[in-house]
Amino acid sequence: MHTEFAKLRQQSGLPFDRLAESLGYSARTLRRYESGLVSPKPPVLEAMRRLIVSSGSNGKPAFKFVDLFAGIGGLRKGFDAIGGKCVFTCEW
């Protein structure tokens, strides 16, 4: 675990599946980043840093939110990316 991504994931305390959901990448891709087989792009590392700061490094969400009139989920993806957790989604 010598890659920058691996260090950031360890600091976040998040498992691969939860991190994949937050970043919008597959867990398989994230494992490749961690092992060093593939280098993540700078925005991925920056998103990891934001997750660590917003979640307080303890893996808990920085805030919870309700996604009303969800549509395709653009608002939810943005809030997830900055450490939020959606507790309810409603399309109607």
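Reader: Where does Asp67 lie?
Author: In strand E1, residues 63–68. Bear in mind that this is a predicted model.

Reader: Buried or exposed?
Author: Asp67 is buried.

Reader: Which side chain of opposite charge is nearest to it, and how far away?
Author: Arg76, at 5.4 Å. Asp67 has no salt bridge.

Reader: What does Asp67 touch, leaving out residues up to four places away in sequence?
Author: Leu75, Arg76, Cys86, Phe88, Thr89 and Cys90.

Reader: Which residue is its bridge partner in E2?
Author: Thr89. Thr89 is also among the residues that Asp67 touches.

Reader: And the strands, how many bridges join E1 to E2, and do they run parallel or antiparallel?
Author: Six bridges, and the strands run parallel. E2 covers residues 84–90.

Reader: What does the chain pass through from E1 to E2?
Author: Helix H5, residues 74–81. The β-α-β crossover is right-handed.

Reader: Zooming out. What pattern does the chain follow along the sequence?
Author: α-α-α-α-β-α-β. That is five helices and two strands.

Reader: How compact is the chain, going by its radius of gyration?
Author: As compact as a globular protein of that length, because its radius of gyration is 14 Å, close to the 12 Å from the globule rule for 92 residues. The C-alpha trace spans about 45 × 25 × 20 Å along its principal axes.

Reader: How much of the chain counts as buried?
Author: 36% of the 92 residues.

Reader: And which share of contacts joins residues at least 24 apart?
Author: 44%, among contacts between residues at least 6 apart in sequence.

Key: Residues numbered from 1 in each chain as written. Predicted model: local features only at pLDDT ≥ 70, side-chain atom pairs only at ≥ 80, totals over all residues. Heavy atoms only, no water. Helix = DSSP H or I, 4+ residues; strand = E, 2+ residues; numbered from the N terminus. Buried < 20%, exposed > 50% of the residue type's maximum accessible area, 1.4 Å probe, protein only. Lys, Arg positive; Asp, Glu negative; His and termini not counted. Salt bridge = Lys/Arg side-chain N within 4 Å of Asp/Glu carboxyl O. Contact = heavy atoms within 4.5 Å. Pairing = 2+ DSSP bridges. Right-handed = clockwise from strand over helix to strand, strands pointing away. Rg over C-alpha atoms; globule rule 2.2 N^0.38 Å.
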